Amino acid sequence: MKSIRIKDLSFAYQLENPIFTNASLELPFNEITFLKGANGSGKTTLCRILSGLEKRYIGSININNLNFKPFSFTERAKSIIYLKQEPLSNVVAATPEDDLTLWQHGFDKHPNESSSELRKRVMERLRIKDLKDKPFWELSGGQVKRIGLAALLINYDKYWILDEPISGLDNTLIRIFIEILEERKTLGKGCLIISHKEDKILNLIDKSYLIQNEHIEQIARKF
Amino acid sequence: MKNTNRKHKNMDSSTLLNLRTIIILVSTITTLSVIYNTILMQISLIFFSIFLLLVIQPSRHRFNRLKHRMKMILRVVISLMVFQILFRHGGEIIWQFGTIKITSLGVNYGVSSSLRLMLIVIIAGLLLDIPYYDYILAFRSWKIPYEISFLVASVIHFIPIFHKQFITSREALNLRGIEISTSTLHKRFKIFSALVFPVIAKAISEVKYRSISLELRAFRLYPERTFIYQAKLKWYDIIIQIFIFIGFVILVFVTYF
């Protein structure tokens, strides 16, 4: 089964302040993995390392036994999608419609009918159809977060790395998000979720991990 | 609250001079660069600016940033030089091929304006990274009204916000598998034109929240205000400032009278 395997990972922004020391973790692509830890423990840093935004680490990260380090962003983006915690930082274009088109086609190809149909469906599901032409700076944090979730649906087949995906969402949207995760789970598609709200998605989680004292430890599930 | 002298621990630990002295130095150098529009003067000022950077801010991090900035601007400098040389005509014709001609005035303008642009980039390195609070203190010492000081300092504070916003957008692009560094020039142009407006808008929206928090703190409500620390001039700051003033006056006097 496809997975990301992290072995003996060590990383520090400043030498005197290590974030990880010989940390190991396996993220199977068909499982929902939950990761928690105190503020500043390195949860977001791990996401940045996995997405290629931080490359100055020691240790190995393999995807299907291939070393992940020399992968370009283009190669990484074919198999994983990472959504940052701050909603606006996931946005590039000026409006949701343009941004989702960019997710689909980049700057290369012209949008076609099937891709605009997919965008329409996704926006309807997340109730953002009316916002599609509104500039991002006029949207609330929760609304921008929904555009991020729409980007996930556009990239449905990739492995999702989600940093606090449900913070800022109302109960209806949390329910929609959980439905999406359930659907994916039945299809054998997993993700990595970082959140402080474990209880909301507890039943969906396959494995839970805790980042503590520069290590990543598996924790027993609560039932 | 009694004002206290601050032991500069962060940024200022590597800044030898007071910000007021640095501002005077930067203003004088850029003014000289405009007054004396000759290639020799521009080169001399560039060397002097590099010397100042070496003396005032000897930090490896800053030099790496300067190197990066120079690398980024090199294409603009070269393009500017080529356009000036090709399209500004006057003086002696050095080379001609059909309608295309290179004149002595074009070469002079092209080289000197490119060098001036380089000079601005180098000398701006002296002012970057200085906490905006230090700007407020510097302007206050010059008896500039607090509102104006705050306004100017906020503009300086806007630069890192804008820079951060640009990096965030670049990272968002990378996460979509789009890499600016490996893109063709045509694609880069498309990327930048798509990025510029949202980046500026997002940076401005951050400033909007800043202005709201200012209002909430009753900005300008009280005529007097206190400061956490003072930035006093040291003896060598005073000597340098006097020296700059006298030097500048003599130079202008010798040139024009």
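Modeller: Let's start with a term: a salt bridge is a side-chain nitrogen of Lys or Arg within 4 Å of a carboxyl oxygen of Asp or Glu. This is a predicted model, where local features need pLDDT of at least 70, side-chain atom pairs count only at pLDDT 80 or more, and totals for chains, interfaces and linings use all residues. Residues are numbered from 1 along each chain as its sequence is written, chains are lettered from A and ligands numbered from 1 in the order in which they are written, and side-chain values use heavy atoms, with hydrogens and water left out.

Colleague: Which side chain does A:Arg48 meet in a salt bridge?

Modeller: That of B:Glu171, at 2.8 Å from N to O.

Colleague: And how much area is buried between chain B and chain A?

Modeller: About 2100 Å², with 65% of that from carbon and sulfur atoms. Buried area is the accessible area (1.4 Å probe) that two parts lose on being put together, summed over both. B:Leu175, B:Arg176 and B:Lys202 supply 35% of the area that chain B buries against chain A, more than any other three residues.

Colleague: How many residues does the contact take from each chain?

Modeller: It takes 21 residues from chain B and 23 residues from chain A, where contact means heavy atoms within 4.5 Å.

Colleague: New topic, helices! At what angle do α1(B) and α2(B) pack?

Modeller: Helix α1 (residues 19-35) and α2 of chain B pack at about 165 degrees, with their axes 10 Å apart. Helices here are DSSP runs (H or I, at least four residues), strands are too (E, at least two), and both are numbered from the N terminus. Axes are lines fitted to C-alpha atoms, for helices over the stretch in contact, and angles run from 0 to 180 degrees between N-to-C directions.

Colleague: Does that make them roughly parallel or antiparallel?

Modeller: α1(B) and α2(B) are therefore roughly antiparallel. Angles over 145 degrees count as roughly antiparallel, under 35 as roughly parallel, 65 to 115 as roughly perpendicular and the rest as oblique.

Colleague: Which residues of α1(B) make the contact?

Modeller: B:Ile22, B:Leu25, B:Ile29, B:Leu32 and B:Ser33.

Colleague: How about α2(B) and α4(B), at what angle do their axes cross?

Modeller: The axes of α2 (residues 39-56) and α4 (residues 104-127) of chain B cross at roughly 15 degrees and come within 9 Å. That makes α2(B) roughly parallel to α4(B).
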